[in-house]
Amino acid sequence: MARIDYADIAKPESRPLVERIERERSGLPNLYRMLLNSPAVAEGWLAYLTAIRQRSGISPKLREMLILRVAVLNQADYEFEQHLPIALSAGCGEAQVRGLKNGDFASLDAGERAAMAYCDEMTREIRVRDVTFAAVREAFDAQAIVEITATVAAYNMVSRFLEAIQIDHE
C-alpha cells in the first residue's frame with residue numbers, strides 16, 4: 001500500500017495534465033497518479049521520460065533491457081512488471097530476460113553487454129570505471145552514450161521514487 005494518498009485526479013485544474021498523461025501513456029498508471037500530487041513534478045517527469053522512451057535514438061530493445069536491469073538491481077518490481085511486456089515486444093527474448101535478472105549477459109551482443117556493465121556500475125557504484133566506459137565508447141557514438149546514460153539515470157530515479165513511496169502495482 002502506498003505511503004501517501006494518490007492525487008485526486010477529478011480536480012478540474014488537474015484534468016488537462018491527466019488527459020495528456022492518459023494520451024501519452026495509454027492510461028494513467030499509479031506512478032502518475034502519485035506524481036500528480038505535485039503537478040509541476042508530474043509535468044516535468046512526463047516530459048523527461050517521454051524524451052527517454054520515445055525520442056531517443058537507441059534501439060527500443062536496448063532501452064528496455066537497460067530499464068529492466070535497473071529494476072532488477074534496485075528490486076523495483078513495479079518498474080520491472082511495467083516494462084517487461086514492452087521489452088518483449090521490442091525483441092527481447094525470454095533467455096535475455098533471464099540473463100537480465102541474474103546478471104548473465106552471454107546471450108547479448110558485445111554492445112549490449114557493454115551497456116549492461118555500464119548500467120550495473122552506474123547503478124551500484126555511481127562512478128563508472130575507465131575500462132567499462134571504454135567498452136561503451138567502442139560500441140556507441142556520443143549521442144547513444146548520452147541516451148544510454150540518461151536512460152539508466154532516469155530509471156534509477158523512477159525506481160527510487162516507486163520504492164520509497166511504495167507505489168501499488170496496477
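Modeller: A helix here is a DSSP run of H or I with at least four residues, numbered from the N terminus. The labels used below refer to a predicted model.

Colleague: Which helix gives the most to the lining of the largest pocket?

Modeller: Helix H5 does, with five residues.

Colleague: How does the lining of the largest pocket divide by class?

Modeller: Ten of its residues are nonpolar, four are polar and four are charged.

Colleague: H9 also packs with H7. What describes two packed helices?

Modeller: The description rests on the angle between the axes and the distance between them. In this case, the axes of H7 (residues 110-124) and H9 (residues 142-165) come within 10 Å and cross at roughly 45°.

Colleague: Why are H7 and H9 called oblique to each other?

Modeller: Angles under 35 degrees count as roughly parallel, and those from 65 to 115 as roughly perpendicular. The crossing angle is roughly 45°, and H7 and H9 are therefore oblique. Their crossing is right-handed.

Colleague: Which residues of H7 and H9 meet?

Modeller: H7 brings Tyr118, Cys119, Met122 and Thr123. From H9 come Ile145, Ile148, Thr149, Val152, Ala153, Asn156 and Arg160. By class, this contact has seven nonpolar residues, three polar and one charged.

Key: Residues numbered from 1 in each chain as written. Predicted model: local features only at pLDDT ≥ 70, side-chain atom pairs only at ≥ 80, totals over all residues. Heavy atoms only, no water. Axes fitted to C-alpha atoms, helices over the stretch in contact; angles between N-to-C directions. Helix = DSSP H or I, 4+ residues; strand = E, 2+ residues; numbered from the N terminus. Parallel < 35°, antiparallel > 145°, perpendicular 65-115°, else oblique. Left-handed = near helix turned anticlockwise from the far one by under 90°. Contact = heavy atoms within 4.5 Å. Nonpolar A, V, L, I, M, F, W, Y, C, P; charged D, E, K, R; others polar.
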